[in-house]
Amino acid sequence: MSNLDAVDRVELCDSLLTWIQTFGVEAPCKTVEDLTSGVVMAQVLQKIDSWISRIKSEVGDNWRLKISNLKKILKGILDYNHEVLGQQINDFTLPDVNLIGEHSDAAELGRMLQLILGCAVNCEQKQEYIQTIMMMEESVQHVVMTAIQELMSKETPVSSGNDSYADLDRQLKKTVEELNDALASKEEIAQRCHELDMQVAALQEEKSSLLAENQVLMERLNQSDSIEDLNSPAGRRHLQLQTQLEQLQEETFRLEAAKDDYRIRCEELEKELLELKVQNEELTSLADEAQSLKDEMDVLRHSSDKVAKLEARGGVV
């Protein structure tokens with residue numbers, strides 16, 4: 001059994017009920033019972049293409065009137081396919097309108113809504129309706145797409161010799177393929193969006209953490225003592241440090257001045273030392289000369305004494 005044959009008719013009804021609500025018709029369309037009168041389906045078909053014959057809008061719980069409305073709608077759908085779309089539906093089990101009208105049968109209602117779906121995706125405004133389907137929840141999209149494929153497999157041109165109908169059939173199949181491709185692209189984009197959402201969430205968390213940290217720091221800053229307030233500990237400490245700094249600056253100036261004085265005194269002492277050194281050299285030279293003269297005098301004195309002694313000895317003889 002193929003996937004198309006295995007469509008769960010009740011699930012199909014639920015998904016198509018969700019799809020019907022996208023038309024925004026006036027009549028209530030939340031439950032299966034809301035659709036059994038045929039009023040909602042007629043209003044939807046009027047939006048798709050204004051061809052459906054008038055039906056009774058006030059039927060209450062009269063199931064016979066409901067069935068009458070549903071028969072008109074079913075005939076209108078088949079006529080629309082044949083006369084407007086130029087195609088007929090073969091090998092498709094038509095909905096049992098008696099079960100829908102009298103017993104609110106969800107499976108049979110699903111078949112009826114499936115036929116309306118076929119009208120929507122084949123009409124002139126099909127791109128609009130296909131786009132609406134693509135915007136629906138993924139699980140609903142899957143069921144609706146399966147229903148479209150099943151229905152299109154049953155559709156054949158009214159006249160096989162008419163090229164325009166054959167082209168229409170090919171165009172419809174191409175539309176389904178494009179819809180499948182668009183659905184796959186949407187899933188890929190949805191995955192990418194999910195990844196981006198995770199990245200954004202991580203960045204938001206990091207931002208929140210930074211904002212919280214910044215708030216804590218701002219609170220600490222606001223709670224801290226101001227150095228401009230001399231009565232606060234920070235203000236007193238700042239004043240103390242400022243006084244110490246001024247004292248150190250004054251001491252530095254004093255030491256700089258003393259250093260300049262010592263430098264000048266040092267230069268003067270170096271000059272005096274140089275002068276004394278010159279004097280010392282001169283005195284040393286004079287002392288050497290004096291010693292030399294003294295030595296010469298000692299030699300002369302010794303020679304004089306010796307001569308005197310010799311003369312004295314000569315007189316005695």
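Guide: Asp91 lies in the loop between strand S1 (87–89) and helix H5 (97–103); helices (H or I, at least four residues) and strands (E, at least two) are DSSP runs numbered from the N terminus. The model is predicted, so local features need pLDDT of at least 70 and side-chain atom pairs pLDDT 80 or more, whereas totals for chains, interfaces and linings use all residues. Residues are numbered from 1 along each chain as its sequence is written, and side-chain values use heavy atoms, without hydrogens and water.

Although not a glycine, Asp91 has a positive phi of about 55°. Asp91 counts as exposed because its relative accessibility is 72% (exposed is over 50% relative accessible area, buried under 20%, partly exposed in between; 1.4 Å probe, protein chains only). Ser104, in the loop between H5 and H6, is a non-glycine residue with a positive phi near 55°. With 22% relative accessibility, Ser104 is therefore partly exposed.

Beyond four places in sequence, Trp19 touches Leu113, Ile116, Leu117, Ala120, Ile133 and Met136, contact meaning heavy atoms within 4.5 Å.

Ile48 is among the buried residues of H3. Helix H3 (residues 39–48) has seven of its 10 residues buried, and their cover includes helix H6 (106–122) and helix H1 (9–20).
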